[in-house]
Amino acid sequence: MALHLIKLCVGVSTIGELEDWIVERRRRMGQGTDPRHAHITRMVPKRTKPLLEGGSLYWVIKGQLSCRQSLLGIEPFTDQEGIGRCRLVLDSRVVPVVPRPCRPFQGWRYLEDEEAPADLGGAAGIQALPEEMRRELAALGLL
């Protein structure tokens, strides 16, 4: 069974901004058609095997679990200052999920598969709503 990570998406207000940031970062790095990109974090997850068996990184945007990206790899490395880091290799495709409130935290957290929100693609009509409206409906407990 897959295991997932949750992480705060700092400095981003919408899923669209995250997608734009990914496109811009890939352009600056000259990745061209490579469908992967990476997020660097300090700690290396201990439970890598279940994470790489279909796991995703779920992003918390403005206090709500909002979207996910499939985890393609976990690569520990040492940076130029000699500090251990971890490269979370992600699919560049961002998948909106049914929004759910999430309190702030530091670093990342594990998310069991049965606790993960469903993708919005399967929720008829909800994905067509503007993101701000989805946020408000979720905050009111209507989604």
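This briefing covers a pocket, a helix and an aromatic pair in one structure. The model is predicted. Its largest pocket has a volume of about 190 Å³, and helix H1 (15-29) is among the elements that contribute to the lining. A search of the whole structure finds 1 aromatic pair.

**Largest pocket**

- The lining consists of Lys7, Leu8, Cys9, Val10, Val12, Leu18, Trp21, His39, Trp59, Phe105, Gln106 and Gly107.
- By class, 8 of the lining residues are nonpolar, 3 are polar and 1 is charged.
- At least two lining residues come from strand S1 (3-8), and at least two from helix H1 (15-29).

**Helix H1**

- H1 has 15 residues, which at 1.5 Å a residue should span 21 Å; the C-alpha atoms at its ends are 21 Å apart, in agreement with that figure.
- Ile15, Leu18, Ile22, Arg25 and Arg26 are the buried residues of H1. They lie on the same side of H1, because they cover an arc of only 100° around the axis.
- An α-helix has 3.6 residues a turn, so residues three or four places apart point the same way.
- Asp20, Val23, Arg27 and Arg28 are exposed, on the other side of H1.
- Leu18 is both buried in H1 and part of the lining of the largest pocket.
- After H1 comes Gly30, which has a positive phi near 65°.

**Aromatic pair**

- The 1 aromatic pair found joins Trp108 and Tyr110: their ring centres are 5.2 Å apart and their planes stand at 75°, so the pair is edge-to-face.
- Trp108 is buried, because its relative accessible area of 14% is under 20%.
- Tyr110, with a relative accessible area of 28%, is partly exposed.

Methods. Residues are numbered from 1 along each chain as its sequence is written. This is a predicted model: local features need pLDDT of at least 70, side-chain atom pairs count only at pLDDT 80 or more; totals for chains, interfaces and linings use all residues. Side-chain values use heavy atoms; hydrogens and water are left out. On a 1 Å grid over the protein atoms alone, a cavity is a set of points where a 1.4 Å probe fits but cannot get out, and a pocket is an open set with protein on both sides within 12 Å along at least five of seven lines; lining residues have an atom within 4 Å of a point. Grid points are joined across faces, edges and corners, and a volume is the space filled by probe spheres set on the points. Helices (H or I, at least four residues) and strands (E, at least two) are DSSP runs, numbered from the N terminus. Ala, Val, Leu, Ile, Met, Phe, Trp, Tyr, Cys and Pro count as nonpolar, Asp, Glu, Lys and Arg as charged, and the others, Gly among them, as polar. The expected span of a helix is 1.5 Å times one less than its number of residues. Buried means under 20% relative accessible area, exposed over 50%, partly exposed in between (1.4 Å probe, protein chains only). The arc is that of the directions from the helix axis to the C-beta atoms. Rings of Phe, Tyr and Trp (its six-membered ring) pair if their centres lie within 6.5 Å; planes under 30 degrees apart count as stacked, over 60 as edge-to-face and the rest as tilted.
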